[in-house]
Amino acid sequence: MNLKIGIVGLPNVGKSTLFNALTNAGALAANYPFATIEPNVGIVAVPDERLEVLGKMYETEKIVPATVEFVDIAGLVAGASKGEGLGNKFLAHIRECQAICHVVRAFSDGDIVRADAKIEDNIVEQAKDDIGIINLELELADEETRAKIEAKRKKDPSDENVPYLTDKPVIYMFNVDEEGLTEKELQEALRNLIIPQNAIFVNAKIEEEMAGMEKDEKKEFLKSYGVENDALGELVRAAYDTLGLQSFLTAGKKEVRAWTIRKGATAPEAAGTIHSDFQRGFIAAEVCKYEDLVRLGSEKAVKEAGLMRTEGKDYVMQEGDVVEFRSNV
């Protein structure tokens, strides 16, 4: 399963800067609307420290993380659904994504003009208005799509369903200033605007500064601002939570790898993410917990401790399962 997230927002909210930080893709970021003329796409590794641990244990140099694909969509404006600005062709890119990350401006900066050119006097109220603009455009785009589909169905009742934008789960990423990263009162006020959806608080400039840092250096840098996790880690966690996803692991001398599946997936369904033949010819799954494997140090020790299980077709996969599938294909 490939996780695909569309990043949307009004112009000049820090969206492309955050995309650059998330992907290191060098997307154009500029202080004017529509700097992103075509949707930029970046595929990045899902952060997972377990893979390095297993890589050392199995003495493999091939570590394959799960991935997430980000699609940076040009800044929308009021009227986008009717073709204003760069128009609704950008809304079409969102339809291909499983979730939407809505970047919201929650900082004051006289050097970076707001898309509506208003003077910032109330960050929370203006964030509320900005969220409303994007949501309205998505609703209007859906209404237009719905009308087209109904017209088509009169001619062809078997016409397939089209995913509506407003049906897609949304994660809100508030781009705050440095103080806002730890300002609980501001965060609470912003979070209340979008309950029950997930909210993430990041600073685009800080994220951009960290883009080339090593993992340990990045942790120390974030710590100096009172923050534990970077935007990528926060967004991936929120996406997995929002979409009901989890990971399982496969490990051996050949490679160590993470796979993304939905929560509630059975062992045969998980096997099918590796290869469809494995699901079709599923016999059993040898399963142990990642924690037990690391604690005991080897598969042999896990088996001797009675903690390696043989599971059948009805087994529901759990987060962090380390699995080897047996198949007759």
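These exercises walk through one predicted protein model, each with a worked solution.

Residue numbers start at 1 along each chain as its sequence is written, and side-chain values use heavy atoms, with hydrogens and water left out. In this predicted model, local features need pLDDT of at least 70, side-chain atom pairs count only at pLDDT 80 or more, and totals for chains, interfaces and linings use all residues.

**Exercise 1. The whole chain**

Task: Describe the chain by its helices and strands, its burial, its contacts and its surface.

Solution: 
- Step 1. The chain has twelve helices and twelve strands.
- Step 2. Sort residues by relative accessible area: buried is under 20%, exposed is over 50%, and partly exposed is in between (1.4 Å probe, protein chains only). Of the 329 residues, 47% count as buried.
- Step 3. Look at contacts, meaning heavy atoms within 4.5 Å. Among contacts with a separation of 6 or more, 69% come from residues 24 or more positions apart.
- Step 4. The accessible surface is about 16,700 Å², and carbon and sulfur atoms hold 49% of that.

**Exercise 2. One buried alanine**

Solution: 
- Step 1. A271 sits in helix α9, residues 267–274.
- Step 2. Its relative accessible area is 0%, so A271 is buried.
- Step 3. Check a C-alpha distance. A271 and V323 are 52 residues apart in sequence and 9.3 Å apart in space.

**Exercise 3. The salt bridges**

Task: How many salt bridges does the rule count, and where do E96 and K4 lie?

Solution: 
- Step 1. Recall the idea. Side chains of opposite charge can pair when their charged atoms come close.
- Step 2. Apply the rule: a side-chain nitrogen of Lys or Arg lies within 4 Å of a carboxyl oxygen of Asp or Glu. The count comes to 20 salt bridges.
- Step 3. Take E96 and K4. Their side chains form a salt bridge at 3.4 Å, N to O. E96 is in the loop between α3 (89–95) and β5 (99–106), and K4 is in strand β1 (residues 3–8), so the pair ties together parts that are 92 residues apart in sequence.
- Step 4. Compare exposure. E96 is exposed at 53%, whereas K4 is buried at 18%.
- Step 5. List the contacts of K4, leaving out residues up to four places away in sequence. K4 touches E69, V71, E96, C97, Q98 and A99.
- Step 6. Take R191 and E188. Their closest N and O atoms are 3.7 Å apart. Both residues lie in helix α5 (residues 184–192), three residues apart, about one turn of the helix. R191 is partly exposed at 29%, and E188 is partly exposed at 42%.
- Step 7. Take R257 and E255. Their salt bridge spans 3.7 Å, N to O. R257 is partly exposed at 26%, while E255 is buried at 17%.
- Step 8. Join bridges that share partners. K4, E69 and E96 form one network.
- Step 9. Return to E255. This residue lies in the loop between β8 (245–251) and β9 (256–262). Beyond four places in sequence, E255 touches T60, K62, V64 and T250.

**Exercise 4. Backbone exceptions**

Task: Which peptide bond is cis, and what is phi of N12 and of E59?

Solution: 
- Step 1. Start from the rule. Most residues other than glycine have a negative phi, and most peptide bonds are trans.
- Step 2. The bond from I195 to P196 is cis, with omega near 15°. P196 is in the loop between α5 and β7 (198–202).
- Step 3. N12 has a positive phi, near 65°. N12 lies in the loop between β1 and α1 (15–23). At 10% relative accessibility, N12 is buried.
- Step 4. E59 also has a positive phi, near 55°. E59 lies in the loop between α2 (50–57) and β3 (63–64). At 58%, E59 is exposed.

Key. Helix = DSSP H or I, 4+ residues; strand = E, 2+ residues; numbered from the N terminus. Areas by Shrake-Rupley, 256 points an atom, 1.4 Å probe, with all protein chains shown as cover.
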